[in-house]
Amino acid sequence: MLSSPLSRAARAEPLTPGGDTASRLQAQSLEAMAKLKQKQADQARERAAVIRALRTSSAQAAKAAARERIEMIKKRIEELLHLLALFGSSGARGALQELKQLSNQLKEAAAVLRSGDGASAAESGGEIAAPSAPAAPSAPSAPAPAAPADADHAEGRAAYADQQQAADAEANDPFKHHDHRRTAQDSQRDADERLIDKVQKALRFVQVMAEADVKKEKAAAAR
């Protein structure tokens, strides 16, 4: 039985989805994948922004604590200077021991202030190691102090006061530190460096005085 040309063509060419439909489905699939990747990228950026904000906040808190620590160190240095003036060489050894501890604490606080906003201070939790309890300067065996201040200590206290006044004048000079191109962060960084330098010089100054008193004590004991 002979078949018609139409029936042969129908058997030879089975029905398939149209070309336009396949292209449309492929385009929709690609578009969905692109949207998914974009959403994932946006979420990753949001998470990174949150992490950066947390690190910056933690670092700023650590820096504020470090500035407060340095101010406390400065105050204690001034107290030790006063004790040296009162007790002279009898309290110098204890003062030197405490000054060493203060020096280590100052280095720790300075390292926090000099770290980046999101760097080591934040990644370590933004904490400063708690200072060890300062050793009380050894008081003289007899409660009666020496004269309020001998000539050497009077000159030392005057030189210390002059040094601190010069540092304050430099820090408050509006012409030296004014620059329109500088940011608030730059200004704060400079202020931190001036604070660190000022306290380092004060600490070293009192250390020299205490060391001189220890030498006097040794010389007096040798006689």
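## Contacts of I70

Two residues are taken to be in contact where heavy atoms lie within 4.5 Å. In this predicted model, and leaving aside neighbours within four places in sequence, I70 is in contact with L106, A109, L113, L195, I196 and V199.

## Overall architecture

The protein chain has six helices and zero strands, so that, when read along the sequence, the elements follow the pattern α-α-α-α-α-α. Of the 223 residues in the protein chain, buried residues make up 25%. Among contacts in the protein chain between residues at least 6 apart in sequence, 86% join residues that are at least 24 apart.

## The largest nonpolar core

The largest nonpolar core holds 26 residues, and the members that touch the most other members are I70, I77, L84, L99, L102 and V199. Two or more residues of this core come from each of the elements α2 (19-87), α3 (92-114) and α6 (184-222). I70 and V199, both among the members that touch the most others, are also in contact with each other.

## Packing of α3 against α6

The axes of α3 and α6 come within 9 Å and cross at roughly 165°. Because angles over 145 degrees count as roughly antiparallel, α3 is described as roughly antiparallel to α6. The crossing in which α3 passes α6 is left-handed, and the residues of the contact of α3 with α6 divide into 13 nonpolar, three polar and nine charged.

## Residues of α6

A202 is buried, because its relative accessible area is 1% and buried means under 20%. The C-alpha atoms of A202 and E78 are separated by 8.4 Å, although these residues are 124 residues apart along the chain.

E211, by contrast, counts as partly exposed because its relative accessibility is 32%, a value between the limits of 20% and 50%. Not counting residues up to four places away in sequence, E211 touches L96 and R204. The C-alpha atoms of E211 and S89, which are 122 residues apart along the chain, are separated by 8.9 Å.

## The loop between α2 and α3, and a position in α2

S90 has its place in the loop between α2 and α3, and with a relative accessible area of 25% this residue is partly exposed. S90 and E217 are 127 residues apart in sequence, and their separation in space is 7.4 Å, C-alpha to C-alpha.

Q60 lies in helix α2, where, at 34% relative accessibility, Q60 counts as partly exposed. The C-alpha atoms of Q60 and G116 are separated by 9.6 Å, while along the chain these two residues are 56 residues apart.

Note on methods
Residues are numbered from 1 along each chain as its sequence is written. This is a predicted model: local features need pLDDT of at least 70, side-chain atom pairs count only at pLDDT 80 or more; totals for chains, interfaces and linings use all residues. Side-chain values use heavy atoms; hydrogens and water are left out. A nonpolar core is a set of buried Ala, Val, Leu, Ile, Met, Phe, Trp, Tyr and Cys residues joined through side-chain atoms within 4.5 Å. Buried means under 20% relative accessible area, exposed over 50%, partly exposed in between (1.4 Å probe, protein chains only). Helices (H or I, at least four residues) and strands (E, at least two) are DSSP runs, numbered from the N terminus. Axes are lines fitted to C-alpha atoms, for helices over the stretch in contact, and angles run from 0 to 180 degrees between N-to-C directions. Angles under 35 degrees count as roughly parallel, over 145 as roughly antiparallel, 65 to 115 as roughly perpendicular and the rest as oblique. A crossing is left-handed if the near helix is turned anticlockwise from the far one by less than a right angle, and right-handed if clockwise. Ala, Val, Leu, Ile, Met, Phe, Trp, Tyr, Cys and Pro count as nonpolar, Asp, Glu, Lys and Arg as charged, and the others, Gly among them, as polar.
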